[in-house]
Amino acid sequence: MINKITKGFWKTTARIILRNRIIILILVLGITVFLAMQWKNMRFTFTEANLLPDHHPINLEYNKFLDTFGEEGNLIVIAIKDSSLFTPENFNEWNKLSKQLQAEPEISLVVSTDNLQKLVKNTDKKQFELQPLIQNKIQDQVEMDSIKEEIFLKLPFYQSLLYNKETQTIRTVVYLDKEIVNTSVRRDFIFNDFEPLIQDFEKNTGLDVKVSGMPYIRTLNSQNIIDEISMFIGAALGITSLIFFFFFRSFRATFISMIVVIIGVMWAFGILGLLHYEITVLTALIPPLIIVIGIPNCIFLINKYQQEVQKHGNQAKSLQRVISNIGNATLMTNMTTAAGFATFIITESKLLKEFGIVASLNIIAIFILSLLIIPVIYSFMPLPKTKHLKHLNKTWISMFVGWMENTVKEHRIAIFIISLIALIGSIIGIYQIRISGSLIEDMPKSAAFFDDIRFFEKEFDGVLPVEIMVDTKRRNGVMKLSTLRRMEDLEELIKEIPELSDPISITSLVKYSKQAYYNGNPNYYQLPNNQENTFILSYARKSSNSSGLLKSFVDSTGQTARITTFMQDIGTDKIEGIEADLWKKINKVLPEDRYDVTLTGKALVFMKGTKYLVKNLVMSLTLAIFLISLFMAYMFRSFKMIIISLIPNILPLIITAGMMGFLGIPIKPSTILVFSVAFGISVDDTIHFLAKYRQELTKNRWQIKKSVYNALKETGVSMFYTSIVLFFGFSVFMLSSFGGTKALGGLVSFTLLVAMLANLILLPALLLALERNIANKKVLKKPNIDVLPKNGKEEDL
């Protein structure tokens, strides 16, 4: 019954398409124009990926910190490690750069040697005052040496913040306005104002300025994403068109295919705009992905059209059979591919959910475009010439199919042994896989800003902020000496962790206050004792001009304090170890009954997000396998066939995972996409082969061997064509400067290549080996859906 409905549907569809060609072209053009108008709504992301759902406890803690102390990711740092800086001319230029930066409206604060403030005691007023270290231009080298000595020897408060005493590296800290840090204004400022100022300074002094900080890194990273979109699209169009032309040797067929995928790309951008989704490192992959997935549709449809023309030379009949006979098969394969991407929708990660929605919608869209445009355009063109059909009889393809048939026939035991060895080796490799939650691991290693990140890691122990928020549970509880001492104990323990920078907190300011009380003697840079604390606090309460510093470390009620440190770019395992060590120390010095402590910051949030994502993507892959298994069950109505069909599709995933372990490629947001994407695509070959095999069984009166070899001959060529296109198409992503995108491209290409061999060699071998168990009508019942038309029963309009 269902098969009759399906046949009737596709016959009706073919009739509607071929009898309303002009209307369809106008409709496609109209939708394309409408979606092109939505491009104006496309936005590029200005923040790093938030992998956790908004309601996740880790996110709630981080947002609580932001509500208390404001945006923590608004800090840009510039630094120089060069003794030539300490000349009057160059140092004056360095201070001038700070003034120029402070004058920019996008910058809220600059902390540098130019406006470096010394905390001094005013005995007459009994209060602390801030005085500038440098009041005028430096006139000579003697003055320069004096200032240099004071910075490095007498101002320990600024150690790690503005200078490295050992290497004598000087840096300036620039705080962006929190209102613009996650908007397009940030990008415009970085490229149009900030970078030109840095370049002018370098030109005037000959000094090399190192620049880093999350706003700067994110801006350059986003620009790399934007630049790579056009590169991916161009490369994907180029490589797929070349392969297509090599197979078909027809400019006309290649041109028609390019029209289809270019319109698909336009629709992809339009859907992103229509849904008001940001273009992230993932959604940027969708347009070239549509090209790679769309070309196999074109191959199936055009190949079928040319086969029909070669058979009988009737154009109308050929086009009708393309739609009514191949439409169902391409729909099924596109649906399974879309299902692989759609499983990302069940994750609670906004990043993956949007990627899954847009990718699955566009896969269905490219199928519809292929089915409409290819028959309609060919209907206006003359029949293909003999030279255009030569590829159907290529000897090298016949040799390849013959090699596969011979391998399955003569070396079946070897196939199983090799598969088993690969499985065992891959399982060993899987146990060596590590999880990476690094914010900057995937960033372009060749980019100048990446070298600068490493520079700051070496000189200042990192640029990734880690925040410890201490709630004393009582108003003004932070300034109690007992609390300050406990915080200092924790900070001393933090200093012992080599991957973390020296922390900055209210204790640093209190120590500086004691130093100021003792007339700036650096030997007194320490917390006061009980007696000293009384005098120092009396000075501090009258010191309104230092309240700005206090606000950076303590909330308005004096109840909550922050301890800020910076982390190096390290692996997830090390981060988890550091986090565990920190919590041991926190629980020891800040007991839970007296203090509420929160450990947060972008580095930790991203690491937690990665682990959350891995868990969700394992679920999405499991769901993809389950959904496609249901589809296979509905299509073939055989449990044993489901198991047989899953083996050649799951084995490539296991082999890829094992290879990742051996090659040291970590599980991270980019690489965990590989498995769902590859599985959704590779199962298409299985559907084609098993559908043809099921058809041959009926035709050949349940003769397994004959049916297997006939199915291999019939489907081998198209499976080879599409797999090669997909292999080279996904290889385009290896051109990326992003480590994650490069790994995604390489791993998916490898997985699809292994899947092709598994479907063309292992799957037939399994069918032959298990022929006694499946070679009967009870096991292989009549399918609910005939994916392929029955030979000799193709109906015309």
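A residue counts as buried if its relative accessible area is under 20%, as exposed if over 50%, and as partly exposed in between, using a 1.4 Å probe and protein chains only. By that rule, 59% of the 797 residues in the protein are buried. This is a predicted model, in which local features need pLDDT of at least 70, side-chain atom pairs count only at pLDDT 80 or more, and totals for chains, interfaces and linings use all residues. Residues are numbered from 1 along each chain as its sequence is written, and side-chain values use heavy atoms, without hydrogens and water.

The protein has 25 helices and 12 strands. These are DSSP runs, numbered from the N terminus: helices (H or I) have at least four residues, strands (E) at least two. Take contact to mean heavy atoms within 4.5 Å. Among contacts between residues at least 6 apart in sequence, 80% join residues at least 24 apart.

Start with strand S7, residues 169-176. Seven of its eight residues are buried, so S7 is largely enclosed by the rest of the structure. Strands pair if DSSP finds at least two bridges between them. Strand S2 (residues 75-80) pairs with S7 in the antiparallel sense over six bridges. There, Ile78 stands opposite Thr172. Strand S3 (residues 107-111) also runs antiparallel to S7, joined by four bridges. Val110 faces Val174 as its opposite residue in S7. Strand S6 (residues 163-164) is joined to S7 by two bridges, again antiparallel. Tyr163 has Ile170 as its bridge partner. Four residues lie between S6 and S7 in their hairpin, where Gln168 takes a positive phi near 60 degrees.

Next comes an open sheet. Its three strands follow the order S11-S10-S12, with antiparallel pairing. Strands S11 (560-567) and S12 (596-600) are the edges, each pairing on one side only. Strand S10 (residues 464-471) pairs with S12 over five bridges. Met469 stands opposite Thr598 in S12. Helix H15 (residues 481-495) lies across S10 and S11 and runs at about 5 degrees to S11.

Finally, look at two helices. The axes of H13 (residues 412-430) and H24 (residues 739-769) come within 10 Å and cross at roughly 120 degrees. Axes are lines fitted to C-alpha atoms, for helices over the stretch in contact, with angles from 0 to 180 degrees between N-to-C directions. H13 meets H24 through Arg412, Ile415, Phe416 and Ser419, which touch Ile761, Leu762, Ala765, Leu766, Leu768 and Ala769.
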